[in-house]
Amino acid sequence: MNAPAKLSEVTLKTIEFKLDAQTIHAYEGETIFKAAKRHGVDIPHLCYKDGYRADGNCRACVVEINGERTLAPSCCRSATEGMEVKANSERAVKSQKMVLEMLLSDMPDVGYKWNDASSSGAAALGDTTGIKNSGKHGELSDWAERMDVKVRPALKALRREQPKSDMSHPAMAVNLDACIQCNRCVRACREEQVNDVIGYAMRGSHSEIVFDLHDSMGDSTCVACGECVQACPTGALMPKTQVGTQVVDKKVDSVCPFCGVGCLLTYNVKDNVIVSVEGRDGPANHSRLCVKGRFGFDYAASPQRLTVPLIRKAGVGKDPDQINHLNRDTADWSDVFREASWEEAMALAAGGLKGLRDSHGPKSLAGFGSAKGSNEEAYLFQKLVRTGFGSNNVDHCTRLCHASSVAALLEGVGSGAVSNQVNDVEHAEMIFIIGSNPTSNHPVAATWMKNAAKRGAKIVLADPRITDIGQHAWRTLQFKADTDVAMLNALIHTVIEEGLTDETFIANRTSNFEALRDNVKGYSPEAMAPICGIPAQTLREVARAFAKAKGAMILWGMGISQHVHGTDNARCLIALVSVTGQIGKPGSGLHPLRGQNNVQGASDAGLIPMMFPNYQRVDNAAAHAWFEDFWGTKLDDKPGYTVVEIMRKALAEDSDPHKIRGMYIMGENPAMSDPDLNHARHALASLEHLVVQDIFMTETAWLADVVLPATAWPEKTGTVSNTDRMVQLGKQALNPPGQARPDLWILQDLAKRIGLPWDYQGEHDGVAAVYDEMRRAMHAAISGITWERLQRESSVTYPCLTEDDPGTMTVFIDTFPTASGRVKLVPADIIPANERPDAAYPFVLITGRQLEHWHTGSMTRRAKVLDAIEPMATASMCGADLKAHGMEAGDIITIASRRGEVALHVRRDDGTPQGAVFIPFAYYEAAANELTNSALDPVGKIPEFKYCAVAVSKGGSTRENAGFGVNDPVAEATA
């Protein structure tokens, strides 16, 4: 990837004005308030919040301006040349104090404080007995104390009638008796997050904050992002898990442990428990969070945490069929495992792996690393497999999410990373979202898209399902599932046929254009309309708008990649931006939205079977020689097996010299995440030796010989890399429970026991030393991002090659990192899904995530607020299909494929097309991957999660009804 040409410094025009008789400078257009703050003058304020549109409604920030009759709100008034402003004049201060006094007089005599029970989740589930008096009202009380404001009894006598509290929401308490109607929450909800739930209703003394059509918060369409809570200055809106005005022990800066957006946050910690979370002003989120980042933190304190090493009891076999009936919440591991010391557990773990390697050869072992851990852990894990096991049989969840996208990007543009960051949609005229549900999967990233739409950008949503982002779309292309290539080729055909190509870009920066042009001649919109289900005129309209936009950006998710033709899907996206010249400039380019918090970093660090760190192929002679010298050992020069291939090799005949006999799995749960789970679970159970390192007793851990208790993300220090190519530092906030130990410690101890001379010195088990080695291994990308720099800046974008390099936000500006320096265009033809609907299995199954839960649910299902909002498995079908099959929302249905069946409640969703059913895959009670097909994309080796044939029938017995769970909230399914 190439860095952009250096831009000359932009000089902002400044003006001079006087503030309290002192001459200061303001930038042209800057408000009095901001200029004053930059010069150390703090003017009282309540409705103003950094980053939000100034509203000027509280009038606490009024100042006196010479020559003007009325006082002016400094947050809304721009400074002008020669203006004379008095923020501390007698008149201004009197008015400021009067505003504070009047607002304070309306406050209840007590503030709000939750006792320590709330932090353990009682309040999160609606227990309101924890309210105690505090007498403080946040920023209002703070300013009143600073201004020495006392409320006169006469004003208290005129106090409004106090509204009742609303405790209906699992995550947030609504105390409108403390509301000053500053409208911060309205701007937070409608302008920042663009959820449009909170409004301002009525007039005069009857005016109030409302949710939707004056619903309770719990009954509203609130998505619990908590932006309103973070914005509220008085405690009128507050997290139920907040310990109130009690002083926390510490605040620790870190990174959200969930999706790939990489929101920076701050943990508020008391008594080694996270009691609340605040969004931090990071470059990816600018203080915004979603429900998972805001309220999904208490999984780390779950009583189900693994706290001691476990060894399978002698004589207790591995029955994969039992996993299908396992209740994650109540199952007792003591029937299968016994506690062990760390010495015994590590000796058995390492001894079993070393013994198989020495007796059956290096190809007999494999490792699954984690995209939920740190870069340092991913780097050490792949190094352990390559230098200790002796093969390249190492992989992680990227094989199950964006492997085909990365394969196409490496082939086409020479880099698997994104060309532009998500919030670059601010500069786009068109935002093309395909195969992604960003409001659920990447909620904070979705806010930037919604903000852009409000400013006039055109969103095009292309997906078999119309999801929430469709409300903000200019056009929706609800194409038939599995027809991505047909639709995308029709767009490319239109651009070429109608002369909308960027001829200069094609001539100077592409190769193989003629082959692409010839291939799409047969893909006219008129010919493809019956196949993909989109009218030809709509396809042409979208193609024209994309080509003519000053900037057009494509963002995609696993709806593109998780197909047998996933690589071809991504090839088409590369071709579309290339023929239109929509890459290598702001507001344009390619962005595959990464799923897990560190799937980008884990891939960068080499946690994939065919690549060393920084995507250097293991069969490239120069790269192979470099790493042999760097690590001081002989290395395998053949690509290893991928996730699904490893599972198949685990079930190979004993005569197969490459049969997988032993595995080391760190922080992955293939017994829930792999396709065709029955096959995957039998493969894991067949292993002669399985070591699992995790924080919970996952479905995979139940099939292990040794289980090693590791650390959750808030319990470690390390770096992660987000979807925007930002390397970001998270710091340890908690001590691990019981005997749980850091992943880096476990990795190093295991390495030493199998014969590797590792010695990483320093705090946190040498994390800085490991990072420095990884930085040298990835010198072509992150050489300028030192550990010391991350300590200072928290987040740095790569490529970054020198320590004074600010990082490269937009890449491919002048050239592509391919051998020719050009993007390679690869034609794609229609390849049907591996399995098509038929009379026996007439529906198409689509799987994915939902807002509240993440990945296999091992973390989010143990977060009380998240599980309270979405407590049970549901399938989504459109109303027409429900009616046609005699079903109603809330009914139990059974969904069966050729590999298995699940029973769950059905939910009506008219965004799901007829003939399709959608299931989130986070629920062990109804594991969607019991149904999915393990057929692979031939290039990316990714399974076809997004398409398989299923049958749907009314009735069945859910795991809850069978007595395996504790909830059976049928009414929830109709929400």
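User: Which residues does alanine 408 touch, not counting residues up to four places away in sequence?

Analyst: The model shown above is predicted. In it, alanine 408 touches Thr567, Ala570, Arg571 and Ile574, with residues up to four places away in sequence not counted. Alanine 408 belongs to helix 11, which covers residues 403-412.

User: Is alanine 408 buried or exposed?

Analyst: Residues under 20% relative accessible area are called buried. Alanine 408 has 1% relative accessibility and therefore counts as buried.

User: How far apart are alanine 408 and valine 939 in sequence and in space?

Analyst: The two residues are 531 residues apart in sequence, while their C-alpha atoms are 8.5 Å apart in space.

User: How is a pair of aromatic rings described?

Analyst: The description of such a pair uses the distance of the centres and the angle of the planes. In this structure, a search of the whole model finds 18 aromatic pairs. One of them is formed by phenylalanine 381 and tyrosine 664: the centres are 5.0 Å apart, the planes make an angle of 35°, and the pair is classed as tilted. Phenylalanine 381 is in helix 10 (residues 375-389) and tyrosine 664 is in strand 27 (residues 662-666), so this pair ties together parts that are 283 residues apart in sequence.

User: Are phenylalanine 381 and tyrosine 664 buried or exposed?

Analyst: Both phenylalanine 381 and tyrosine 664 are buried.

User: Which residues form one aromatic cluster?

Analyst: One aromatic cluster consists of Tyr379, Phe612, Trp626, Phe627, Phe630 and Trp631.

User: Where does the charged end of arginine 741 sit?

Analyst: The charged end of arginine 741 is placed over the ring of tryptophan 745, at 4.3 Å from the centre of that ring. Another case involves lysine 49, which lies over the face of tyrosine 52, 5.0 Å from the ring centre.

User: In a regular strand, how do the side chains alternate?

Analyst: Along a regular strand, the side chains alternate between the two faces of the sheet. For strand 13, one direction is taken by Leu264, Thr266, Asn268 and Lys270, and the other by Leu265, Tyr267 and Val269; all are buried.

User: Why is strand 13 described as largely enclosed by the rest of the structure?

Analyst: Strand 13 spans residues 264-270, and seven of its seven residues are buried, so the rest of the structure largely encloses this strand.

User: What is the order of the strands in the open sheet of three strands?

Analyst: The order is 12-13-14, and the pairing is antiparallel. Strand 12 and strand 14 stand at the edges with a single partner strand each, so one side of each has no neighbour in the sheet. From one strand to the next, the twist averages 30°.

User: How many bridges pair strand 12 with strand 13?

Analyst: Strand 12 (residues 250-255) pairs with strand 13 over six bridges, in the antiparallel sense. Within this pairing, serine 254 has leucine 265 of strand 13 as its bridge partner. Strand 13 is also joined by six bridges to strand 14 (residues 273-279), again running antiparallel. There, asparagine 268 has serine 276 as its bridge partner in strand 14, and leucine 265 has glycine 279.

User: Which residue takes a positive phi in the hairpin of strand 13 and strand 14?

Analyst: Aspartate 271 takes a positive phi near 55° in this hairpin, which has two residues between the strands.

User: What is the order of the open sheet of five strands?

Analyst: The order is 2-1-5-3-4, with mixed pairing. Its edge strands are strand 2 (22-27) and strand 4 (72-73), each pairing on one side only. Two bridges join strand 3 (residues 62-65) to strand 4, and these strands run antiparallel. Valine 62 stands opposite proline 73 of strand 4. Helix 2 (residues 90-105) lies across strand 3 and strand 5 (84-86), at about 160° to strand 3.

User: Where is the place of aspartate 909?

Analyst: Aspartate 909 is in the loop between strand 37 (901-908) and strand 38 (916-920). With 19% relative accessibility, aspartate 909 counts as buried. Its side chain reaches the backbone nitrogen of glycine 911 at 3.0 Å, and makes a polar contact of 2.9 Å with the side chain of threonine 912. Leaving aside neighbours within four places in sequence, aspartate 909 is in contact with Arg465, Ser876, Met877 and Cys878.

Methods
Residues are numbered from 1 along each chain as its sequence is written. This is a predicted model: local features need pLDDT of at least 70, side-chain atom pairs count only at pLDDT 80 or more; totals for chains, interfaces and linings use all residues. Side-chain values use heavy atoms; hydrogens and water are left out. Rings of Phe, Tyr and Trp (its six-membered ring) pair if their centres lie within 6.5 Å; planes under 30 degrees apart count as stacked, over 60 as edge-to-face and the rest as tilted. Helices (H or I, at least four residues) and strands (E, at least two) are DSSP runs, numbered from the N terminus. Buried means under 20% relative accessible area, exposed over 50%, partly exposed in between (1.4 Å probe, protein chains only). A charge sits over a ring if NZ of Lys or CZ of Arg is within 6 Å of the ring centre and within 35 degrees of the ring normal. Two strands pair if DSSP finds at least two bridges between them. Axes are lines fitted to C-alpha atoms, for helices over the stretch in contact, and angles run from 0 to 180 degrees between N-to-C directions. A polar contact is a pair of N or O atoms within 3.5 Å; within protein, one must be able to donate a hydrogen and the other to accept it, and residues adjacent in sequence count only if both atoms are side-chain atoms. Contact means heavy atoms within 4.5 Å.
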